[in-house]
Amino acid sequence: MTRAQHTGDLRIAVLGVGMMGAFHADALSSRIRGARVSVVSDFFAEKAGEVAARVGARVETDPIAAINADDVDAVLIATPGKAHDEQVNACLDRGVPVLCEKPLTTDIASARAIVEKEGALGTPLIQVGFMRRFDPEYVALKRLITDGSLGNPLIVHCTHRNPAVPEFFNSEFMIRDSVVHEVDVARYLLDEEIVSVQVIKGVATSSAPQGTSDPMIVVFETASGRIVTDEIYVRTGVAYEVRTEVVGEQGSATIGLDQNLVVKTTDGRWGGTITPGFVERFGQAYDIELQRWVDAARNGTIDGPGAWDGYAAVAVCEAGVEAVRTGQKVPVDLGPVPGAAGAADEVPAAGITAPDMEAAR
Ligand SMILES: NC(=O)c1ccc[n+]([C@@H]2O[C@H](COP(=O)([O-])OP(=O)(O)OC[C@H]3O[C@@H](n4cnc5c(N)ncnc54)[C@H](O)[C@@H]3O)[C@@H](O)[C@H]2O)c1
């Protein structure tokens, strides 16, 4: 496939303008260079009209018609996960770059099919919205690993706490919606695949609905045997706390503490300020992610986590959901990287190494 080049502003269709899509549409029409929102599509017509008027776009009721419109060069998908499969496939059919919010799709088979379909096109078109890879703190942490400052990274400890979530946020949703970010963080930082997931459920907070295990400790094992832990606790009643610590052979480093300076007060208490929500914590990362994607999409490609990363996250989360249900350690089998030398029909995840991944991107 020949890559389209754009000299003028990249004209973007934003599909789904709920919380995330409206945030991205506003960023594209104000803070991001070289792009404008030309089309807005949402099942909720009133919301579509409101956002379109604000950003100077037109409304297209049918999301597939929006993807295929003449005044659209690239697509940003921020509809709920269940709509992603059809919409991402339509972007591949037309050959336009797409930034798809996580999850890539909601089941392993459809995510895998997308990876293979994009692979057959010969050029990457799908970027998945794992914005933490653009957060300056995560980038700095990754650099400490790649430049050897911490020595061999042995353990990654993650903490993901929300002040409150809607009632429907049950244990499985916590894995698919929240832990999915730590899945990508672990793969990004360690540059290798996750091969098993285990979930430990303790005493639930009294504000958790019946049957929901909140908090949980999720334990991932990587292909080389490293350990990643993730405390997921989404009803703390306090604030948004996302921390990551990498423990290496020659030192450790923690991010996510910048808003949380510890100060001793005269009444003997310790405290500081904590980020209230994810927009405050990751606002800059979303903007960097968008700008990098726009710059790449103007050349018909992507610059960030791709379809394989989206697929791997879907597969690990599916194993995580099974681990919640069964209490067992569940293996993850990603199968072969499409196009990788020697790829057979069935290859266990442990056989996929970081260099294989890089070669496939
Ligand atoms: N990267 C992140 O940090 C992050 C944070 C929040 C949400 N998300 C992801 O963003 C996506 C949207 O989440 P949200 O919280 O904004 O949801 P939301 O419910 O606030 O918004 C979704 C919007 O999509 C519309 N919609 C539903 N089905 C549609 C369809 N088939 N076609 C067109 N419009 C449709 C709805 O009317 C709604 O306005 C999800 O995939 C979610 O996981 C990512």
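**Notes on the ligand site and a few backbone details**

1. Let's begin with the ligand: helix 1 (19-28), helix 4 (84-94), helix 7 (171-190) and helix 8 (278-297) each contribute at least two residues to the shell around it. Helices here are DSSP runs of H or I with at least four residues, strands are runs of E with at least two, and both are numbered from the N terminus. Please keep in mind that this is a predicted model, in which local features need pLDDT of at least 70, side-chain atom pairs count only at pLDDT 80 or more, and totals for chains, interfaces and linings use all residues. Residues are numbered from 1 along each chain as its sequence is written, and side-chain values use heavy atoms, with hydrogens and water left out.

2. The shell holds 24 residues, and the closest are Met-20, Asp-42, Glu-101, Lys-102 and Tyr-286. Sorted by class, the shell has 12 nonpolar, 8 polar and 4 charged residues. In this scheme Ala, Val, Leu, Ile, Met, Phe, Trp, Tyr, Cys and Pro are nonpolar, Asp, Glu, Lys and Arg are charged, and the others, Gly among them, are polar.

3. Some atom pairs are worth a look on screen. A polar side-chain atom of Glu-101 lies 2.9 Å from a nitrogen atom of the ligand. For Lys-102, a polar backbone atom is 2.8 Å from a ligand oxygen atom. Thr-79 also takes part through its backbone, with an N or O atom 3.3 Å from an oxygen atom of the ligand. Taken alone the ligand exposes 850 Å², and the protein buries 79% of that; these areas come from the Shrake-Rupley method with a 1.4 Å probe.

4. Pro-103 sits in the loop between strand 5 (98-100) and helix 5 (108-121).

5. Another cis peptide bond runs from Asp-214 to Pro-215, with omega near 10°. Pro-215 belongs to the loop between strand 8 (194-201) and strand 9 (216-222). The side chain of Asp-214 makes a polar contact with the side chain of Arg-235 at 2.9 Å. Within protein, such a contact is a pair of N or O atoms within 3.5 Å, one able to donate a hydrogen and the other to accept it, and residues adjacent in sequence count only if both atoms are side-chain atoms.

6. Arg-235 itself is in the loop between strand 10 (227-233) and strand 11 (241-248). With a relative accessible area of 9%, Arg-235 is buried (buried means under 20%, exposed over 50%, partly exposed in between, using a 1.4 Å probe and protein chains only).

7. Strand 10 also contains Asp-230, which counts as buried at 0% relative accessibility.

8. Do check the backbone at Asp-191, where phi is near 55°, a positive value in a residue other than glycine. Asp-191 lies in the loop between helix 7 and strand 8, and counts as partly exposed at 29% relative accessibility.

9. Finally, Ile-12 in strand 1 (residues 10-15) is buried, with a relative accessible area of 0%. Ile-12 and Val-37 are 25 residues apart in sequence, yet their C-alpha atoms are 4.7 Å apart in space.

Key: A residue is near a molecule or strand if one of its heavy atoms lies within 4 Å of it.
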